[in-house]
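The report below covers chain contacts, cores, strands and domains. Please read it beside the sequence and the model.

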Amino acid sequence: MTTDPSTRAVQWVDATLAATLLAVDPASLHGVALRAPAGPARDMWVSQLRDLLPAGLAVHRLPLSITDDRLLGGLDLTATLRSGRRVVQSGLLASANRGLVIVPMAERLAPPTARQIAAVIDTGVVRTEREGLSLKTPSQFITVACDEGIGEDEQLCDALRDRLAFHLDLSAAGPNSLIEPEFDRNEVALARERLPLVEVSDAAIEALCAAALALGIRSPRAVMFAIAVARSSAALDASPTVRDTDLAAAGRLVLAPRATRLPAPAADQDEPDSAEDTADDGQDPTPPTPPEDQSDDSKPDSATLEDVLLNAVTAALPDDLLAKLDQAAKSNVRHGAAGNSGTTRPAALRGRPIGHRQGTPGSGHRLDIIATLRQAAPWQPMRRAERQRQKSSTSAPLIELRRDDMRIKRFAQSVSQTTVFVVDASGSAAFQRLGEAKGAVELLLADCYIRRDRVALIAFRGDKAELLLSPTRSLTRARRALASLPGGGGTPLAAGLTLASDVAETIARQDETAVIVLLTDGGANIASDGLPGRPRAEADALASAQRLKAAGLRSLLIDTATRPQPLAKRVAEAMNAMYITLPNADASSISTAARVLDDRQPHSNARAGRR
Amino acid sequence: MAVAYPFSAIVDQDEMKRALLIAAVDPSIGGVLIFGDRGTGKSTAVRALASLLPPMRVVKGCRFQCDPSGDRSQCLTLCKSDHAHNTSSTDMMPVPVVDLPLGATEDRIVGALDLERALTRGEKAFEPGLLARAHRGFLYIDEINLLEDHLVDLLLDVAASGENVVEREGLSIRHPARFVLVGSGNPEEGELRPQLLDRFGLAVDVKTPTEIASLMEVVRRRDAFERNPTGFVARWRPDDEKLRDTIVAARARLPDIELTDRALETATRLCMTLGSDGVRGELVLVRAARALAAFEGEVSINDSHLRRIAPSALRHRLRRNPLEGGSDARVERAIKEQFGS
């Protein structure tokens, strides 16, 4: 990342402009995903925004650990019991109406919380269906999600990010290059009034749509944001129509950060070739072919507009966009895994508490005493009266608990396992049996899918191993990664095994178990340092295999060679893996092996419990 | 409450629209699952349905919006204490399209005892939940793939049995809860358990527009709607009304649509080719084709109906090999085999 002063100044110009535009039309633009470490730069941006918004605007900080009853509102039990009628305690999202919501450490925001915020942004209404309450409270607010994440793996969950018009990155912007906004609060307020009068021409809409498609953005929402930004920008200058500069600002601020590929050099009227291999496929950003002849009959001004726009966007694209896209395509750890509430298995006895639900303790569930008492409290007078009516002989207990009061704790803890596939995609393996290896992986994937396990895919070939798919439960992505698995080159078995233990270690840190499935012909010929040489390669492979064994990982080695190889067998022994050979392996024997692998795991009873 | 985007103004997405309309014509088809990218207007379409559907006749004052001409046994036992309940007069009300909000607790979904009445008067009174509110209408769950498993199980159970049972404080309440479950989600964020997939009648895939013309149209209409919601809705009202009349007519025609032996045989063969499990696929395929025929004013089911509805009715039932790339391709192939290209 470049951090020379001029770049920093440019970042501030855009950031300040974004703050101004957001202040003009908060109802359409919703907010900003602000990537920056906690520090003066971020604080200054927020205070800039506040200075542009109407005075006296309420600011709410949304703590990461916020519970649903605080977020959405709930029953104020104490007040309810005291007064004998329902007393509602309003939640943060409802109180934030017409205010500013700041989410620090937004990259760690629990996905369900992020989705709740997103739902309010979408509908402008907080819906509370909790604890006997059924409320609809209108609420519109500006969200500033402060993303303090480092690297692409760690960022605000997509569901919320998508709904915020601006994605700013101030992580390299020092506070010194701060730029004073060109407009002040009063001018912004005037611009807001002018908004409905600004005309957006068809040519402008067409240019924005074409630019979005050329950049691999297909979400109409992004284009809507771009239009709103262009309109605000025109309103600021009291222009009755959206001008080129407004479109350029929209392209730079809204489209550029969302680009999933580079536009074609001479982009006239880009037609993305097909739905499948454009936007989602960051790994291979093929520039679309501009159809030459059909652009002539379209309005000439929209083509020029689009040029202006694409130039603006291209200038704003980060230099490392390609690398980032590549990275993002591969590691969707946070979006894929953490975004899935199915990952957070309740009914375990460990992990982060995420609330409670009705149920009886035992069989892997723990009683939530407070929640149970809370549940029972309102009914006490009634139950006491009932007891007196029945003239029950036993003395009245202090608190009368019933079975339906029981609340059990839910924990955000996954007891699922992740199967890490380590596939030998080298030349020796590729030519003869890569197809069959893929078939075997598919069989195992089907098993994982049924068990709702996560899968990860490592391939090794040439001189290195690569994590093609970070742990995910998405079948779609697993299938795609497997299908696009390339083949050829040397066999860096050691590198593959080392990466496998690294990945397994990460998985273990997330309190999950990892299982390694290695598919190789055992013909290691590239050592750990990437240099060719069979003897060293073999020694390194065995050493790496022992590391897996030392980590206590359960594993399966499928020998893909036409004739079983001695080294493959030795590697299997070194990593304490089950060993089967592919030539003899049909669907059922692979499935059996997978099942044995599963049975060997110590968590098998927990697994049965969650079914 | 904000005005909903008009259903007829939704650009393209024919498969999704068709599935929702078919469910509106014949709710017994059993739920619609909509999977697709973010920002494709899944929620918009379902919410638009609410203002599109013809109003329904209910027993006046009934808390479960019971049908005066339907089975009233449950309604009579449950509602008899209600003063407003009047068995002879009826009312019209809009078909409920209940949006299940995130963070809803179980007691609000299934219903619970009325806390206020318990506290103030020491009375046990049942307070219906969202399932009751959705009776005879639609229950929509956005991001159903992220909903907790125990809630999904509960919803599917009620949807299948058409009845909600609540036991609380010694009261045992059973009330009718027949609704069309509509779930939507983004498959990149996690899949639905395979066991749950085939409990949905229809499943559709939605994609973001890839053609500039349709993206522009989406954006243009959306912008017009946001700038002047009431004006926009008024402009599309005639189309929505026409659609509504078609639904009403289709419902009336539904029982008379003929299922020829030939159509039945075609449906059976299609299901066999695809190896879809059980008879559910076939049943849904035939029913959906019948609803489609009714919607289009035909008298009997023909190949075109089967052909157009087969992907939605079958794509989520191909369980033999959950991994073969794109079940859509398989359905497509089977359809070609069956009908020729």
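## Contact between the chains

The contact takes 60 residues from chain A and 51 residues from chain B; two residues are in contact if their C-beta atoms, placed from the backbone, lie within 7 Å. On the side of chain A that touches chain B, 25 residues are nonpolar, 16 polar and 19 charged. In these classes Ala, Val, Leu, Ile, Met, Phe, Trp, Tyr, Cys and Pro count as nonpolar, Asp, Glu, Lys and Arg as charged, and the others, Gly among them, as polar.

The model is predicted: local features need pLDDT of at least 70, side-chain atom pairs count only at pLDDT 80 or more, and totals for chains, interfaces and linings use all residues. Residues are numbered from 1 along each chain as its sequence is written, while chains are lettered from A and ligands numbered from 1 in the order in which they are written.

## Chain A and the cores

The secondary structure of chain A comes to 24 helices and 17 strands, where helices (H or I, at least four residues) and strands (E, at least two) are DSSP runs numbered from the N terminus. Of its 611 residues, 50% count as buried. A residue is buried if 20 or more other C-beta atoms lie within 10 Å of its own, exposed if 12 or fewer, and partly exposed in between. Among contacts in chain A with a separation of 6 or more, 79% are between residues 24 or more positions apart.

A nonpolar core is a set of buried Ala, Val, Leu, Ile, Met, Phe, Trp, Tyr and Cys residues joined through C-beta atoms within 7 Å. The largest one has 103 residues, and A:Val229 and A:Leu255 are among those with the most contacts inside it. Helix α11 (residues 220-236) of chain A gives the most to this core, with twelve residues. At least three residues come from each of domain 1 (1-195) and domain 2 (198-271 + 281-287 + 298-329) of chain A; domain bounds come from an automatic or database domain assignment. Not counting residues up to four places away in sequence, A:Val229 touches residues including A:Leu21, A:Ala165 and A:Val254.

## Strands of chain A

Five of the six residues of strand β6 (residues 125-130) of chain A are buried. Strands count as paired if DSSP finds at least two bridges between them.

| Strand pair | Sense | Bridges | Facing residues |
|---|---|---|---|
| β6(A) and β7(A) | antiparallel | six bridges | A:Val126 and A:Thr137 |

Six strands form an open sheet of mixed pairing, in the order β14-β13-β12-β15-β16-β17 (chain A). β14 (464-472) and β17 (578-581) of chain A stand at the edges with a single partner strand each, so one side of each is left without a neighbour in the sheet. From one strand to the next the twist averages 15°. Axes are lines fitted to C-alpha atoms, for helices over the stretch in contact, and angles run from 0 to 180 degrees between N-to-C directions.

## Domains of chain B

Chain B is divided into domain 1 (7-15 + 28-55 + 94-206) and domain 2 (255-339). Their centres, taken over C-alpha atoms, are separated by 26 Å. The contact takes 14 residues from domain 1 of chain B and 14 residues from domain 2 of chain B.
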